[in-house]
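Here is a short note on the model you sent.

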Amino acid sequence: MWGILNRRNYIFAIAMLLIPVCLRSQNAKNKFTVSGTVRDKGTGETLIGANVLIVGQSGLGAVTNSYGFYSVSASSGNYRLVASFSGYRSDTIQITLDKNIALSINLAKAINQLDEVTVTNRKKGDNVSKPIMGVQKLSIDDIKNVPVLFGEKDVLKTIQLLPGIKSAGEGNSGFYVRGGSSDQNLILLDEAVVYNPSHLLGFFSTFNSDAIKDITVFKGGMPAEYGGRLSSVLDIKMNDGNNKKYGVSGGVGLIASRINLEGPIKKKEEKGSFTVSARRTYADVFLKLSPDSSLNQNTLYFYDLNAKANYKLNDKNRLFLSAYTGRDKFGFGSTFGIDYGNLTSTLRWNHVFSTRMFSNTSLIYSNYSYKIKINSGSTDLVINSRIRDLNLKQDFQYFINANNRINFGFNIVHHNIVPGTITASASSSFNSLDLQKKKSLENAAYISHEWSATKKINVTYGLRLSTFSALGAGTFYTYNEDGSKKDSATYGSGRFVKSYVYLEPRVAASFKLGENNSIKGSYTRNLQNLHLLSNATGASPTDLWIGSSNNVKPEVADQVALGYYQNFKQNVFEFSAEIYYKTLQNQIDYKNGAELRANENVESQLLTGQGRAYGLELFLKKKYGKFNGWVGYTLSKTERLIPGINKSEWYNAMQDRTHEISIVGIYQASKKWTFSSTFVYYTGNAVTFPSGKYNVDGRTYFNYTERNGYRMPNYHRLDVAATLQGKKTAKYESNWSFSIYNLYSRENAFSIDFQEDPGDPSKTQAVQTTLFKLIPSVTYNFKF
């Protein structure tokens with residue numbers, strides 16, 4: 001339906017989009033605008049999602065964007081402007097609006113954020129009135145208090161405690177959202193794509209919490225400016241740095257240590273700031289202390305480095321430069337080693353065209369690569385692989401009037417994939433191999449409109465036009481059903497091999513039943529042109545990315561959702577219930593015995609089909625007070641239908657789980673002590689187990705029939721933590737954090753393997769592997 005578009009249909013669609021904008025803009029005449037930036041008074045950090053309202057004028061207000069910018073328009077007159085943000089004291093400013101005004105606002109943190117007096121500073125039910133569905137925001141304070149494995153505060157582990165977001169496994173940072181696979185999540189760090197967001201084979205995430213300011217998760221209902229993945233967007237913004245004073249903070253734990261430096265670029269001018277955060281594990285240091293030569297020559301560590309700087313050129317222009325690099329290094333003496341990691345960089349230019357028009361231009365670089373060295377016996381070789389993106393992204397926001405904003409822009413991405421190169425020495429038993437590089441061009445243009453149609457109805461709707469082109473140079477094959485080569489064609493450098501054009505409509509609406517409750521509905525279409533080939537449940541260092549091509553079509557997802565939202569007791573509590581149904585096209589699976597590594601014809605190993613996912617998500621959260629936290633429950637089903645698999649009948653996807661419950665509690669017992677705990681329960685993943693066995697020439701072989709027809713054992717775990725605040729002075733503060741992972745030592749199954757019973761070959765043993773029982777940890781944190 002929304003396949004290849006002709007020009008006439010596209011122009012008509014854009015015209016229909018703009019009709020309400022034009023109608024509303026007529027009412028904007030003879031009005032004036034107050035605009036500016038909302039910041040933290042103590043640090044100068046911009047505040048994302050702060051409310052700016054004109055008192056006594058219903059519906060006249062705005063929410064700050066990703067750079068803290070706001071714009072509110074009203075008729076000429078004298079007004080009281082109120083700015084508020086969760087955990088901060090609200091600020092009331094008298095303004096005379098007889099011309100356009102540029103007004104920056106600085107908010108001070110509340111002295112006691114847990115005091116119930118801060119009710120007046122709370123957001124006025126944005127979760128009820130805003131039309132976007134399936135969106136969750138997490139504060140850094142929440143993340144720092146949630147107990148996790150090894151005591152390392154972890155963004156990805158924390159979002160797995162939200163309904164609709166499932167862990168990829170025990171201690172794993174990979175996750176699934178509403179039936180999607182792990183590669184169908186778009187993970188952004190200051191707008192740059194992070195292709196492998198994990199360390200230590202998934203036990204840690206790449207995101208150092210000391211460097212993070214804002215975290216937003218979209219579970220399928222993402223606005224039109226986001227694209228490229230089917231299931232979700234995890235949008236992470238880094239801190240800008242303190243532009244008031246210099247500071248140092250960090251922590252020392254059992255596994256890793258970290259440090260953060262920040263301060264103004266020019267202290268007196270307060271025009272810019274910087275921040276640098278670093279983290280490193282030190283298991284390798286202890287290995288070197290061992291007298292055992294089989295241990296002290298091994299390597300095992302990872303590191304992260306985040307850096308960001310911003311500078312105000314003038315009142316209308318500001319530059320931002322941010323970067324991230326992180327690597328993992330494992331090695332067993334000189335016989336084996338693997339080195340993998342991400343490198344990202346973003347250069348951004350904020351420009352204010354007028355009190356109503358805001359622009360951001362970004363140049364973005366993303367790179368993920370790995371290197372494997374093997375030197376054992378007659379094998380001496382090095383394996384390299386890489387995916388690298390260059391991205392130009394332009395975003396505009398036009399504030400027509402209060403609660404009426406249009407967003408539009410475009411982005412151009414050049415993908416360069418090196419599937420693999422094998423460099424073998426002259427004495428190696430293997431030959432060198434250089435797989436053909438894959439290049440592609442991915443473009444998108446979007447327009448969306450956020451509109452308050454009435455006092456009760458809010459609508460966000462938009463269109464995203466996506467194009468993808470596989471590029472030469474190289475030889476491109478087509479294949480028969482059995483995987484043999486059918487035909488080939490050779491293309492020169494930069495020549496278009498195959499192109500796809502799709503339109504992605506997005507619409508969401510909310511209807512307020514009362515002041516504190518509403519119903520919402522949404523429809524979203526998403527496209528994905530980069531596909532991950534992996535047999536692992538989560539992110540693996542050797543994951544292989546491929547682009548859409550003459551053999552591989554773009555993946556398509558259509559999702560509809562309906563929800564009910566309710567706030568209680570002056571927004572202290574919020575509740576939501578959402579149901580969703582998602583259909584997926586061109587889903588990828590593998591032929592039996594598929595060879596995915598070092599295979600020039602890897603596309604011949606793939607099968608494609610359809611999928612479906614549907615479910616119910618319940619969420620109850622207490623946001624303020626000495627005790628807060630949330631309870632989430634998910635009831636869901638995820639299935640695939642791929643010709644050639646499971647007798648071409650529907651089967652459970654690997655990530656299918658019927659029930660999932662998460663409970664998070666955080667209690668401020670006193671000024672010194674904070675206690676927290678989490679409890680997780682979920683149905684075991686769908687898995688393929690042998691249904692029988694047979695013997696050939698004295699060897700036993702297992703027979704597999706139904707795909708994912710069995711279940712792993714149900715999973716549950718209780719974690720607890722306590723934080724002791726040290727003596728706090730004007731120049732120094734510190735705390736101790738204690739935690740226990742898996743308090744009652746539940747032996748959850750990481751894997752189950754089958755083998756003959758050594759005592760009775762006629763019987764089969766199921767052998768369960770458990771990774772973690774009770775794991776205590778302690779961390780010392782400091783700031784000065």
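Is Tyr614 buried, exposed or partly exposed? Tyr614 is partly exposed, at 34% relative accessibility. Keep in mind that this is a predicted model.

1. Tyr614 has an aromatic partner. Tyr581 and Tyr614 form a stacked pair, 5.8 Å centre to centre, with 15° between the planes. The pair links distant parts of the chain, 33 residues apart: Tyr581 sits in strand β37 (residues 573-590) and Tyr614 in strand β38 (residues 606-622). Tyr581 is partly exposed too, with a relative accessible area of 38%.

2. In total, the structure holds 28 aromatic pairs. One of them is Phe396 with Phe408, stacked at 5.0 Å between centres and 20° between planes. Phe396 belongs to strand β25 (residues 379-401) and Phe408 to strand β26 (residues 404-424), so this pair ties together parts 12 residues apart in sequence. Phe408 counts as partly exposed, at 28% relative accessibility.

3. There is also an aromatic cluster. Ring pairs join Tyr732, Trp736, Phe738, Tyr780, Phe782 and Phe784.

4. Two charges over rings deserve a look. Arg280 lies over the face of Tyr301, 4.0 Å from the ring centre. Lys520 lies over the face of Tyr565, 4.2 Å from the ring centre.

5. The largest cavity has a volume of about 240 Å³. Of the 20 residues lining the largest cavity, Lys157, Gln160, Leu161, Ser167 and Arg717 are closest to its centre. The lining divides into nine nonpolar, six polar and five charged residues. Strands β42 (673-682) and β47 (715-725) each supply at least two residues of this lining.

How values were computed. Residues are numbered from 1 along each chain as its sequence is written. This is a predicted model: local features need pLDDT of at least 70, side-chain atom pairs count only at pLDDT 80 or more; totals for chains, interfaces and linings use all residues. Side-chain values use heavy atoms; hydrogens and water are left out. On a 1 Å grid over the protein atoms alone, a cavity is a set of points where a 1.4 Å probe fits but cannot get out, and a pocket is an open set with protein on both sides within 12 Å along at least five of seven lines; lining residues have an atom within 4 Å of a point. Grid points are joined across faces, edges and corners, and a volume is the space filled by probe spheres set on the points. Helices (H or I, at least four residues) and strands (E, at least two) are DSSP runs, numbered from the N terminus. Ala, Val, Leu, Ile, Met, Phe, Trp, Tyr, Cys and Pro count as nonpolar, Asp, Glu, Lys and Arg as charged, and the others, Gly among them, as polar. Rings of Phe, Tyr and Trp (its six-membered ring) pair if their centres lie within 6.5 Å; planes under 30 degrees apart count as stacked, over 60 as edge-to-face and the rest as tilted. Buried means under 20% relative accessible area, exposed over 50%, partly exposed in between (1.4 Å probe, protein chains only). A charge sits over a ring if NZ of Lys or CZ of Arg is within 6 Å of the ring centre and within 35 degrees of the ring normal.
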